[in-house]
Amino acid sequence: MSDLTAATTDIDSRLEGHRVELTGYCYRMLGSAFEAEDAVQDTLVRAWRNIEKFEGRSSLRSWLYRIATNVCLDMLNAGNKRARPVDLSGPTPLAQAALNPLPENTWLEPMPDGRILPTVADPAEAAVARESVRLAFVAALQHLPPKQRAVLILREVLAWKASEVAELLDTSVASVNSALQRARATLTDHQGDAATADAADPLDEEQRKLLERYVAAFEGYDMKALTALLHEDAVMTMPPFDLWLQGHDDIAGFMTSFGASCAGSRLVATSANGTPAFAHYKPHPDGPGFVPWAVQVIDISDGAITGMHCFLDTPRWFPLFGLPDHLDADAA
């Protein structure tokens, strides 16, 4: 191997080693799985093209975060703010339920844990990382102006010093501290259920049993058993539809009316946004086996399921999560 080839391979490896954490950062900034991955790819390409200009006055990691921040700020100049259905309207009573899709760029998107949560040895650091990619937390971040968003993520999630953030953003420490104070106040107003969801990694025995009962009830389409697992104010969302339901009675009623074709479905465990998740396969309408229907992201609090967030655009989500596009009829 030539010296040039070896150097190129070393640069590639060093840049690639930061991909997961950069994707997590860009996802928190943008609220979109695919935009985050595009932003990181753009960041790494820019870094590769300008590696000779990297003077080593900061670490490679800090330099990459500077590039990624600028990429995200440029993308956010379009003004789009992604949201969950619960952020846009009140709950819809079952009697008034209607399925109205909104454009893809309306919605906060789910993200597989493996693409945004780097392996860390410190359990406390890992817990902060998981909490900071939950749907409710990322949705709350969308209410912050872009630079405040960057400041809060860098300071509160990634534990950067104020001086480091000031250098990255070419501003003063006083400006960083002021932006952080304003961001904290706004986040408190909008965080809501992000602050109340239980930790999900590792799952404790009670949580594991709760999810096992949930799978059994859902696959058996046993609404009595399912209702017993849901908090009385549990919510069910179904992007790209703006409809969302609140309360176990309306959720069960929807599943046995609009969602009746999901009877006999299969759930395959996965993980997303730092919480338990399932790939939902419904019976194939024209033959044996099961076909993709949704990625379900589950919220748990105080021993009950408080949220079922069902992302229905499976041609986008199942490949992202590395999920098969079909289950055989004998799938357990």
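**Note on the predicted model**

1. The chain holds 15 helices and six strands; helices (H or I, at least four residues) and strands (E, at least two) are DSSP runs, numbered from the N terminus. This is a predicted model, in which local features need pLDDT of at least 70 and side-chain atom pairs count only at pLDDT 80 or more, while totals for chains, interfaces and linings use all residues. Residues are numbered from 1 along each chain as its sequence is written, and side-chain values use heavy atoms, with hydrogens and water left out.

2. The C-alpha trace spans about 65 × 50 × 40 Å along its principal axes.

3. Of the 332 residues, 47% count as buried, that is, under 20% relative accessible area (1.4 Å probe, protein chains only). Among contacts (heavy atoms within 4.5 Å) with a separation of 6 or more, 66% are made by residues 24 or more positions apart.

4. H18 sits in the loop between α1 (3–16) and α2 (19–30). H18 counts as buried because its relative accessibility is 15%. Apart from neighbours within four places in sequence, H18 is in contact with L60, R61 and L64.

Key:
Buried < 20%, exposed > 50% of the residue type's maximum accessible area, 1.4 Å probe, protein only.
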